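Subject: Structure handover

Hi,

Here is the structure we talked about. My notes follow below it.

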Amino acid sequence: QVQLVESGGGLVQPGGSLRLSCAASGPIFSIGAMGWYRQAPGKQRDWVALITRAGNATYADSLKGRFTISRDNAKNTVYLQMNSLKPEDTAVYYCNAEVAGSLLAPEFLYWGQGTQVTVSS
């Protein structure tokens, strides 16, 4: 069973930084795109950023310049560096990944369990 486990969330003051990690484990042959979403209380889950296997990154327009997504293919891990954090960034952050379990298997989309990020003074 493929699992994605996020870490790095917590409480941070406005203007601070956090780095989230999401590690994939299990029967993995290859991983395609990996991404981050977030869900604030009472709101829908919103897309944050995506990175392809080749390292091409795209971001939600409102987050460009503050958030950076990266990945380490050798570690099956995706990261989200968040700078200049604002109270409105408070949310549960989820990662996902397109994972193929073997050479001929299709990719399936897996999600992590989420990590809480709270920006408050």
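Cys-22 and Cys-95 form a disulfide, with their sulfur atoms 1.9 Å apart. A disulfide here is a pair of cysteine sulfur atoms within 2.5 Å. A search of the whole structure finds 1 disulfide. Cys-22 sits in strand β3 (residues 18–25) and Cys-95 in strand β9, so the bond ties together parts that are 73 residues apart in sequence. Strands are DSSP runs of E, at least two residues long, and are numbered from the N terminus. The S-S torsion of Cys-22 and Cys-95 is about 55°, so the disulfide is right-handed. Cys-22 counts as buried because its relative accessibility is 0%. Cys-95 is buried too, at 0% relative accessibility. Buried means under 20% relative accessible area, exposed means over 50%, and partly exposed lies in between (1.4 Å probe, protein chains only).

A word on the source. This is a predicted model: local features need pLDDT of at least 70, side-chain atom pairs count only at pLDDT 80 or more, and totals for chains, interfaces and linings use all residues. Residues are numbered from 1 along each chain as its sequence is written, and side-chain values use heavy atoms, with hydrogens and water left out.

Next, the salt bridges. The rule is a side-chain nitrogen of Lys or Arg within 4 Å of a carboxyl oxygen of Asp or Glu. The count comes to 3.

Asp-89 takes part in a network of salt bridges with Arg-38 and Arg-66. Asp-89 meets Arg-38 at 2.9 Å, N to O. That pair links distant parts of the chain: Asp-89 is in the loop between β8 (77–82) and β9, Arg-38 is in strand β4 (residues 30–39), and they are 51 residues apart. Both Asp-89 and Arg-38 are buried. Asp-89 also bridges to Arg-66, where the closest N and O atoms are 2.8 Å apart. Arg-66 lies in the loop between β6 (57–59) and β7 (67–72), so its pairing with Asp-89 ties together parts that are 23 residues apart in sequence. Arg-66 is buried, as is Asp-89.

Asp-61 and Lys-64 also meet in a salt bridge, at 3.3 Å, N to O. Asp-61 is exposed, with a relative accessible area of 64%.

One last residue. Is Leu-103 buried or exposed? Leu-103 counts as exposed because its relative accessibility is 64%. Leu-103 is in the loop between β9 (91–100) and β10 (107–111). Leu-103 and Lys-75 are 28 residues apart in sequence and 19 Å apart in space, C-alpha to C-alpha.

Best wishes

Note on methods: Helices (H or I, at least four residues) and strands (E, at least two) are DSSP runs, numbered from the N terminus.
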